[in-house]
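These are my notebook entries on one structure. I record what I looked up, entry by entry.

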Amino acid sequence: MLTLRIDPDAAPSWTWNGTSYLTRDGGNRVTPCGHPMTEQIAATDGTRTAIIVRERVPSRPAVRPEPVRVTAADFDRITAEALRWPVDHVVIETAAGRPVRVTAGPVRSTPLFLSHDAGVLHGSWDMADLQPFAGGLNPKEATRLLIYRPRYSTDTAFTGIHRLTERATATFGGDLFIRYPDPVVHALPRDLVEDADVLSAFVEGIDAALDARPLDPAATVCHLTGGLDSGSIGTRAARRWPGQINTATLIVIGPGRRQQIRRRAEMRERVPFGPYDVRLDLRGRPMFGPDCARTRGELISPYDEPLCEHFADLNARIAALGAHTVVTGLGGDEMVAVGSAESRQAAADKAQNFDLPWLGPRARAAIEYGDEGIAPPAMAGGITLLAAECVAPPLLRAGLWPVHPFAHPALVELGDQLPFHWRELKQLQRRHLATFGLSEDACNPKVRESFAELVEESMITHGVPLLRRILREGSPLVEAGLIDPDGLARTVKELQDGSYREDPHSKLVEVITLDQAARAFLN
């Protein structure tokens, strides 16, 4: 959403030059992303200045970005209202000789990473911009990534780079302190009244999420994977704007490929989508190939899409249609997740194997501390928030803005209160798709459609050579005690002998991704 460089001791007078806010001495800068779905405003009372970068909302007049002079009372009112903005926003408050305050909104469409050096605060939606401030590997967060147990927190894989989580406030006056907000209290499942119309409530929730931003259907593409989540959002969007909403996706390989193609074709035939369907076929395109930015040693965050090269290609094709917004089904899993009291047995049945043979002694010691220092419960779930941060940078680089309706409060609150039988196996989404007259095949797919087969092919084709490079040349992960080279060598031999197993070998993607990021960021 923005980049920033602020020295709290620099001159406090801000101006707007058409693309950035600058102080008159040129020492400070705040640069919004400059997207049609965002806007920026600024106000000052002569002592304090607030710079607000936010998503636009419908039915609001265009705002002027130049700083406006207001009274002290009006300044307090403006900043208080800014913090209640219903969609993604960042509020920056500065004053001469006082610490800088940066506060994120509760609906995060994009990340904001922060670093500081020599009394200056730096921030960006793209972690690559903060590479000069990466001090080393953070064992606790690196371990979370390596065992595929992500947690939403201010930690990143690198010391010296921090994440500003939702509703958190960063205060900087020479040192950086990030304060978490109070937890969001969620509703519990409720019994339905007689004749309750759950599907209508679901449609109303999707509409509320779509109406929260000024979507232009002619410039909007739905990421229609064919899955139940993106299918539910996409079909409703197409019904609302007949013939205008185009679609895009990656076409998987493996047993689910024909089913995905068939189900997507039925959705597009039965529901009035737009004329264009951007499909990037993953057949013959394994991960970590020679065209992969990570493999080439570019500064790609370990939080960016694992399939960064594929999504970069897909996003470029979407932008070529003239689109500037992408609507996704991200967050659908958590929206109907089984509540904690109901999930104890399910969690036990699906217990992850964290005893990976390639983990080094420092990683093994850090596993038990993985839940320390994590952010409190938010409106959207932590996995949804992390996933939103994962998809945003590749989209922003292509000039595309992400919209995730399942992270909107209307749908989160509906999911919280649904009885178990509506959430189990995504019955809500399945029954919603059936209202469009879609077949049993489209609403209840029998075969898994996933990237699992692509990961297997990628690990055998390109992954083994990259893992052998770690063993041959070393790695920051080995130096930090996070990877055991002997255990990794045994695993590589298993792969070379044709003994690939999805669990645990798919987790080696995280070893490669983090190794490549560490080489680039810590160089």
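I take contact to mean heavy atoms within 4.5 Å. On that basis I looked up leucine 467, leaving aside its neighbours within four places in sequence, and found it in contact with Met459, Leu488, Val492, Leu495, Leu508, Val511 and Ile512.

Entry on confidence. I note that this is a predicted model. The protein chain averages a pLDDT of 94, and 97% of the residues score at least 70. Over residues 340–350 I found the pLDDT below 50, and this stretch has three contacts in the model beyond near neighbours in sequence. Where pLDDT is low, the predicted coordinates should not be read in detail.

Entry on the cores. I asked which residues touch the most other members of the largest nonpolar core. They are Phe158 and Leu467, in a core of 63 residues. Among the elements giving two or more residues to this core are H2, strand E18 (246–251), strand E19 (277–281), helix H15 (452–473) and helix H19 (508–521). H19 gives the most, with nine residues. I then noted another core lying apart from this one, of 60 residues, including Ile51, Ala237, Trp401 and Val403.

Entry on helix H2. I looked up how far H2 is covered and found six of its eight residues buried. The buried residues are Glu141, Ala142, Thr143, Arg144, Leu145 and Leu146. Their cover includes H9 and H19. At the start of H2, I found a side-chain oxygen of asparagine 138 within 3.2 Å of the backbone nitrogen of lysine 140. Tyrosine 148, which follows H2, has a positive phi, near 55°.

Entry on alanine 366. I placed this residue in helix H9 (residues 361–366). Is alanine 366 buried or exposed? Its relative accessible area is 9%, and because buried means under 20%, alanine 366 counts as buried. Not counting residues up to four places away in sequence, alanine 366 touches Pro139, Lys140 and Thr143. I also looked up threonine 165, which is 201 residues from alanine 366 along the chain; the C-alpha atoms of the two are separated by 22 Å.

Entry on aspartate 155. I located this residue in the loop between helix H2 (139–146) and strand E13 (158–159). Aspartate 155 is buried, with a relative accessible area of 16%. Its side chain makes a polar contact with the side chain of arginine 144, at 3.3 Å. Beyond neighbours within four places in sequence, I listed Asn138, Lys140, Glu141, Arg144, Arg163 and Tyr303 as the contacts of aspartate 155. Two of these also meet through a ring: arginine 163 lies over the face of tyrosine 303, at 4.8 Å from the ring centre.

Entry on aromatic rings. I asked how many aromatic pairs a search of the whole structure finds. The search finds four. Tryptophan 16 and tyrosine 21 form a tilted pair, 4.6 Å centre to centre, with 50° between the planes. Both tryptophan 16 and tyrosine 21 are buried. The rings of phenylalanine 202 and phenylalanine 406 have their centres 6.3 Å apart and their planes at 25°, so I recorded this pair as stacked. Phenylalanine 202 lies in helix H3 (residues 198–211) and phenylalanine 406 in the loop between strand E21 (401–403) and helix H11 (409–417), so the pair ties together parts that are 204 residues apart in sequence. I found both phenylalanine 202 and phenylalanine 406 buried. Finally, I noted arginine 54 over the face of tryptophan 85, at 3.6 Å from the ring centre.

Terms used. Residues are numbered from 1 along each chain as its sequence is written. This is a predicted model: local features need pLDDT of at least 70, side-chain atom pairs count only at pLDDT 80 or more; totals for chains, interfaces and linings use all residues. Side-chain values use heavy atoms; hydrogens and water are left out. Helices (H or I, at least four residues) and strands (E, at least two) are DSSP runs, numbered from the N terminus. Buried means under 20% relative accessible area, exposed over 50%, partly exposed in between (1.4 Å probe, protein chains only). A polar contact is a pair of N or O atoms within 3.5 Å; within protein, one must be able to donate a hydrogen and the other to accept it, and residues adjacent in sequence count only if both atoms are side-chain atoms. A nonpolar core is a set of buried Ala, Val, Leu, Ile, Met, Phe, Trp, Tyr and Cys residues joined through side-chain atoms within 4.5 Å. Rings of Phe, Tyr and Trp (its six-membered ring) pair if their centres lie within 6.5 Å; planes under 30 degrees apart count as stacked, over 60 as edge-to-face and the rest as tilted. A charge sits over a ring if NZ of Lys or CZ of Arg is within 6 Å of the ring centre and within 35 degrees of the ring normal. pLDDT is the predictor's confidence in each residue, from 0 to 100.
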